[in-house]
Amino acid sequence: MQRKYPQRSKKMAESRSKTGGVTVNGAPVLKPETKIDPEKDVVALQGKQLFYSSFVGLMFHKPAGCVTATQDRCQKTVMDYIDHPRKKDVFPVGRLDLDTEGLLFLINDGDLSHRMLSPRHHVPKTYEAQIAGEVTKEDVQAFEEGVDIGEKKKTLPAQLEILEVNAGETPTSQIRLTICEGKFHQVKRMFEAVGVTVVYLKRLSMGSLKLDETLATGDSRALTQEELECLKES
């Protein structure tokens, strides 16, 4: 179930201020139109101090079947799942393919987004995938050395872990992969280069931040202060 955020209507704000429930620097505010400086003034509601942050950061568990975009004429977007008072301020950090699930961040800080996506910073991203075909130790070695996916340079070294292989007429493999790039369809192209096909893909982490296991597919929540610090460090 998608998390809901409380609605702060104009009528509610007017009612709270007229009853003296809102104070600024300890003094009751009776006029809703009173202007404040959020960087200097101390605002309290019913005695509890309120804090304003210009930064908005959300963790989203992206489902398959929606595009990573703020709007799209033909497809449902990740924004259709977001329920937040400042929804219009945020945008996705990077992209996940239409059929890919997992961790996605939405923030309102362009500089931070650029740093996370810059090829110079090599932010690691970890995925789990189901593969049609048998992934081998030779593939693990190939991924460590870099794979030719049809571009000028091979991919950067990637860490491939084989979790399970089911042999038979139609073998399948379960893997975990960590890459430090974000090329177009990179994970799928890397496996195609070694002769197998990705049939299911889910991102588990980005940098030092991991997908919240309690966050259901299609749900989002605000980043904690600790997660925010990790995001900036990443």
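Q: Which residues lie nearest the centre of the second largest pocket, and how many residues line this pocket?
A: Happy to start there, with the reminder that this is a predicted model. The second largest pocket has a lining of 31 residues, and those nearest its centre are Arg95, Glu181, Gly182, Lys183 and Phe184. Helix H2 (110-117), strand E8 (125-132), helix H4 and strand E11 (197-206) are the elements that each give two or more residues to this lining. The space in the pocket comes to about 620 Å³.

Q: What makes Phe60 and Tyr81 an aromatic pair, and why is the pair called tilted?
A: Two rings pair if their centres lie within 6.5 Å, and the centres of Phe60 and Tyr81 are 5.8 Å apart. Planes under 30 degrees apart would count as stacked and over 60 as edge-to-face; the planes here stand at 45°, so the pair is tilted. The structure holds 2 aromatic pairs.

Q: Why can we say that the pair of Phe60 and Tyr81 ties together parts of the chain?
A: Phe60 belongs to strand E5 (residues 57-62), while Tyr81 sits in the loop between E5 and strand E6 (91-92), so the pair links parts that are 21 residues apart in sequence. Both Phe60 and Tyr81 are buried.

Q: What makes the pair of Phe143 and Phe191 tilted?
A: Their ring centres are 5.0 Å apart with 50° between the planes. Phe143 is in helix H3 (residues 137-145) and Phe191 in helix H4 (residues 186-193), so parts that are 48 residues apart in sequence are tied together. Both Phe143 and Phe191 are buried.

Q: How do you know that Lys76 lies over the face of Tyr81?
A: The charge has to be within 6 Å of the ring centre and within 35 degrees of the ring normal. Lys76 is placed over the face of Tyr81, at 4.4 Å from the ring centre.

Q: Is Asp139 buried or exposed, and why?
A: Buried means under 20% relative accessible area. Asp139 has 9%, so Asp139 is called buried. Asp139 has its place in helix H3.

Q: Which residues does Asp139 touch, leaving out residues up to four places away in sequence?
A: Asp139 touches Glu134, Leu160 and Val194.

Note on methods
Residues numbered from 1 in each chain as written. Predicted model: local features only at pLDDT ≥ 70, side-chain atom pairs only at ≥ 80, totals over all residues. Heavy atoms only, no water. Phe/Tyr/Trp six-rings, centres within 6.5 Å; stacked < 30°, edge-to-face > 60°. Helix = DSSP H or I, 4+ residues; strand = E, 2+ residues; numbered from the N terminus. Buried < 20%, exposed > 50% of the residue type's maximum accessible area, 1.4 Å probe, protein only. 1 Å grid on protein atoms, 1.4 Å probe; cavity = no way out; pocket = protein on both sides within 12 Å on 5 of 7 lines; lining within 4 Å. Points joined across faces, edges and corners; volume = space filled by probe spheres on them. Contact = heavy atoms within 4.5 Å.
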